[in-house]
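Hi,

Here is the model I said I'd pass on. Have a look, and my notes follow below.

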Amino acid sequence: MSRILHGICSKQLGPSALIAGFTRELALHSIINRHVRWDPDQWKRSPGLLVEAMMVNMLTSRTPLYRVETFFESMDTEALFGPGVCTEDFNDDAIGRMLDRLHEVNLDHLYCSVVLAAWEKHQFDRSAFHGDTTRILLTGEYSGAMEDPLKITYGYNAQGIRGAKQFSVGAVVNREGIPIMGSIHDGNQSDNTWNTELLAHYPAMITALGQSDAVYIADSKLVTPKNLRKMRKKGIRFISRFPNTYQLTKDLIVWAEKNATWSEPVAWSTRKGASIYRTQEITARFMNHRYRFVIVRPSQLDERQVKRLEKEAQAEKHQLEQACHALAKRTFACETDAQEECRLFARKHRGRFYSVHLTVASETKVLRKPGRPKAGVVYPTETVYRVDAAVSSRDVAAWEKACHQASSFVLITSLKQRKVHDAHEVLRLYKEQNAVEMRFRFLKNPTMFDGVFLKKPESIKALGYLFLLALLIFSLLELRVRRAVAERNRPLHLRYRKNIEKPTGLLILDTLKTLTVIYIQETPGRWIRYLPDDVDSIRSARISWI
């Protein structure tokens with residue numbers, strides 16, 4: 001016989017309490033309220049509290065804005081946000097008004113204020129920062145009018161998806177993946193323009209963090225005459241990939257091949273089949289100034305470059321075969337003429353990967369008129385010469401050399417102290433560029449940030465900055481757990497995976513996703529919260545570490 005127990009219930013807590021705790025550590029509530037224009041007499045809940053609620057929603061189980069209120073129905077809102085807070089406080093009207101007011105403020109300045117608060121609490125690494133951009137695709141009709149603060153329009157995206165509108169997100173992260181700067185831009189803004197705008201504010205930000213000599217690392221879009229002048233003027237130390245569009249890139253790679261004084265091989269990954277790198281460096285002039293250039297030769301070939309070379313090789317072979325076929329049809333009156341044609345043909349058709357074999361052969365032709373030959377008549381003859389032309393097999397040595405040259409790349413840097421930043425250190429800092437790429441992968445995770453259910457560009461821009469704030473909190477959560485793992489010198493052990501030395505933020509959130517709290521009513525209006533007995537030691541340890 002079933003019994004109904006009164007005064008007891010359960011709610012799925014998940015990682016929501018931890019996320020709310022992180023927002024309080026950063027004083028996010030008060031920072032937002034200081035920047036945003038609002039009247040306590042007109043607002044039931046402050047914009048700071050609404051932003052905190054959005055952080056919990058985004059990082060726990062993100063829902064469309066019109067369903068945020070429904071999301072919190074299964075949450076203990078009073079425990080998360082304070083006494084008297086209920087689910088109705090997070091209706092779509094309140095969220096929409098908060099986004100409108102957020103758009104009125106300087107969102108870049110607001111974001112930097114939160115980052116400085118995070119630095120005071122977490123003291124993250126500030127020696128080097130990586131910058132890059134990505135695109136967030138949208139569906140729906142957007143006018144893209146000139147007066148719109150954010151132009152949602154067509155543009156290039158790495159996914160190669162055509163016919164989708166987008167806006168761009170730029171971020172600067174440290175070596176631990178903490179985004180110290182972030183911005184939302186038009187969908188068709190180029191990376192060159194973004195870097196130029198960033199360099200205007202970057203020195204002030206790293207100075208505020210107390211690290212004015214931090215190294216800025218970016219991809220080849222950073223290297224433009226305008227950006228190089230600006231970095232020299234502001235004293236910004238940088239590392240970047242030198243663009244392949246400059247002839248100097250090809251010249252430096254050819255020089256390195258001829259010089260052949262490659263360094264000892266070095267690798268930064270213990271994975272099986274990880275690439276090994278060799279380097280050479282040289283100081284050269286570019287745009288009337290001297291820079292250090294590091295030529296890098298990886299052991300693994302660049303698949304895109306190999307495919308490009310394969311197309312070139314096939315086109316070269318086809319052209320040679322056509323030329324050989326045309327030459328074989330020609331006849332020459334004497335052997336000398338045939339030999340001279342062979343010499344000219346070989347000079348004109350020198351292939352990069354293929355060569356031609358040419359041999360002169362004589363042929364006797366009977367000179368008679370067309371028709372049936374007469375019996376007993378001896379016709380005169382003449383000797384002519386033909387050239388037998390054939391395309392050789394691919395030159396293996398030339399092919400391998402071309403593949404290695406195409407897979408090699410060049411880094412440019414303004415770092416002058418070779419004892420502190422030798423060629424291997426410059427390469428290592430550049431290879432850490434995947435720190436920002438991993439954060440963009442999180443932004444594009446459909447389970448976290450799928451769907452922007454907004455119409456107004458102003459609201460979309462404000463929501464984009466909330467995405468960046470959620471990314472900041474996510475990164476700080478990951479950093480704290482990784483530091484705890486390192487301090488205890490004890491890797492994580494999960495039921496389905498063991499020896500995790502660097503747990504990701506997604507893994508941490510997933511571990512806590514099913515965490516449930518039991519509520520027992522002690523007296524009317526007073527509830528006591530308990531963790532159930534079946535909470536495993538793994539999740540308990542994660543909570544204590546965080």
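Let me start with Phe442, which is buried at a relative accessible area of 4% (buried means under 20%, with a 1.4 Å probe and protein chains only). Phe474 is buried too, at 3% relative accessibility.

Before going on: this is a predicted model, where local features need pLDDT of at least 70 and side-chain atom pairs count only at pLDDT 80 or more, while totals for chains, interfaces and linings use all residues. Numbering runs from 1 along each chain as its sequence is written, and side-chain values use heavy atoms, with hydrogens and water left out.

Aromatics next. By the ring rule (Phe, Tyr and Trp rings, the latter by its six-membered ring, with centres within 6.5 Å; planes under 30 degrees apart are stacked, over 60 edge-to-face, the rest tilted), there are 16 aromatic pairs. Phe72 and Phe81 make an edge-to-face one, 5.6 Å centre to centre with 70° between the planes. Phe442 and Phe474 are stacked instead, at 3.8 Å and 15°. That pair links distant parts of the chain, with Phe442 in helix H15 (residues 434-443) and Phe474 in helix H17 (residues 457-488), 32 residues apart. Helices here are DSSP runs (H or I, at least four residues), numbered from the N terminus.

Phe72 is buried at 0% relative accessible area, and Phe81 is buried at 12%.

On the whole chain, buried residues make up 47% of the 546 residues.

Cheers

Definitions and conventions. Buried means under 20% relative accessible area, exposed over 50%, partly exposed in between (1.4 Å probe, protein chains only). Helices (H or I, at least four residues) and strands (E, at least two) are DSSP runs, numbered from the N terminus.
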